[in-house]
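Colleague: I would like to learn how to read a few features of a protein model. Please take them one by one.

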Amino acid sequence: MTIDPLVLMTDVEQATETLLRTVGGFDDPVIGEPSALPGWTVGHVLTHLARNADALTNLLTWARTGVETPAYPSREARDAAIEAGAGRPLAEQLADLRAAHERFADAAAAMPAAAWTFSYPAMVPSAAVVPWARLREVEVHHVDLGRGYTPAEWSDAFALRLLREIAGDLPASAPPMVLHPAGVEHPLVIGSADGPAIGGPTRSIAAWLAGRADGADLTVSPDGELPQPVQWK
């Protein structure tokens, strides 16, 4: 899929402003309340979003300077930072999230054209996909706050790209199925074309595969239960 990181950065800006408006409408006690992610409070989700912005800033810095700057020192350090920041007051969380986004936006603006082609040793194919990674985090975890923002708010372009990514990333153990998003000409085959046909709005299929919706508005042919998808990240 062709990637235009500058176009995606515009989408990141818009999605982040929407997220900040949502969070700005919270009351302070919300920070300690459960989110839609098992074991995480709203404060955990917000802290993760801020630290993820810093992690992706590290990757852009690496691409621009050539100096190895991993996203996180380690998985343990990532988890510890989220836990340490989760209980902070709402105002501090909001300021941190905004500042982390601004650092990420500044790092993207500083990227010369050639730096977007930089390839990392593992996991992230190139710097050009980093803005998409941030957009995905903001949009999906905005839903995970569990405070009124749902996949219905996702744009068609975001939902389709997310759906294609999930379909391509599912492990071999995923049940076979053929996805028929509304308005998309070619179905997406997972595992085998012999699996059931799943139809419905692109946003709904993407959200269901991502574990962010129950798929109640999807159709299954032949009639039966929706397959149980393997949990995506």
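**Reading the model**

Modeller: Pro222 is exposed, at 63% relative accessible area; buried means under 20%, exposed over 50% and partly exposed in between, with a 1.4 Å probe and protein chains only. This is a predicted model, in which local features need pLDDT of at least 70, side-chain atom pairs count only at pLDDT 80 or more, and totals for chains, interfaces and linings use all residues. Residues are numbered from 1 along each chain as its sequence is written, and side-chain values use heavy atoms, with hydrogens and water left out.

Colleague: Where is Pro222 placed?

Modeller: Pro222 sits in the segment after β4 (219-221). Helices (H or I, at least four residues) and strands (E, at least two) are DSSP runs, numbered from the N terminus.

Colleague: At what angle do the axes of α1 and α4 cross?

Modeller: Axes are lines fitted to C-alpha atoms, for helices over the stretch in contact, and angles run from 0 to 180 degrees between N-to-C directions. For α1 (residues 5-24) and α4 (residues 90-109), the axes come within 11 Å and cross at roughly 175 degrees. The two helices are therefore roughly antiparallel, the word for angles over 145 degrees. Contact means heavy atoms within 4.5 Å, and the residues making it include Thr16 and Glu17 of α1 and Arg98 and His101 of α4.

Colleague: Is Thr16 buried or exposed?

Modeller: Thr16 is buried, at 1% relative accessibility. Leaving aside neighbours within four places in sequence, Thr16 is in contact with His101 and Val138.

Colleague: What is a salt bridge?

Modeller: Side chains of opposite charge can pair when their charged atoms come close. The rule asks for a side-chain nitrogen of Lys or Arg within 4 Å of a carboxyl oxygen of Asp or Glu. The count here is eleven salt bridges. In one of them, Glu17 pairs with Arg98, with the closest N and O atoms 3.8 Å apart. Glu17 is in α1 and Arg98 in α4, so this pair ties together parts 81 residues apart in sequence.

Colleague: Which residues touch the most other members of the largest nonpolar core?

Modeller: In soluble globular proteins, nonpolar side chains tend to be buried together. A nonpolar core is a set of buried Ala, Val, Leu, Ile, Met, Phe, Trp, Tyr and Cys residues joined through side-chain atoms within 4.5 Å. The largest one has 64 residues, and Trp154, Leu179 and Leu209 touch the most other members. Helix α2 (42-65) gives the most to this core, with eleven residues.

Technical notes. Angles under 35 degrees count as roughly parallel, over 145 as roughly antiparallel, 65 to 115 as roughly perpendicular and the rest as oblique.
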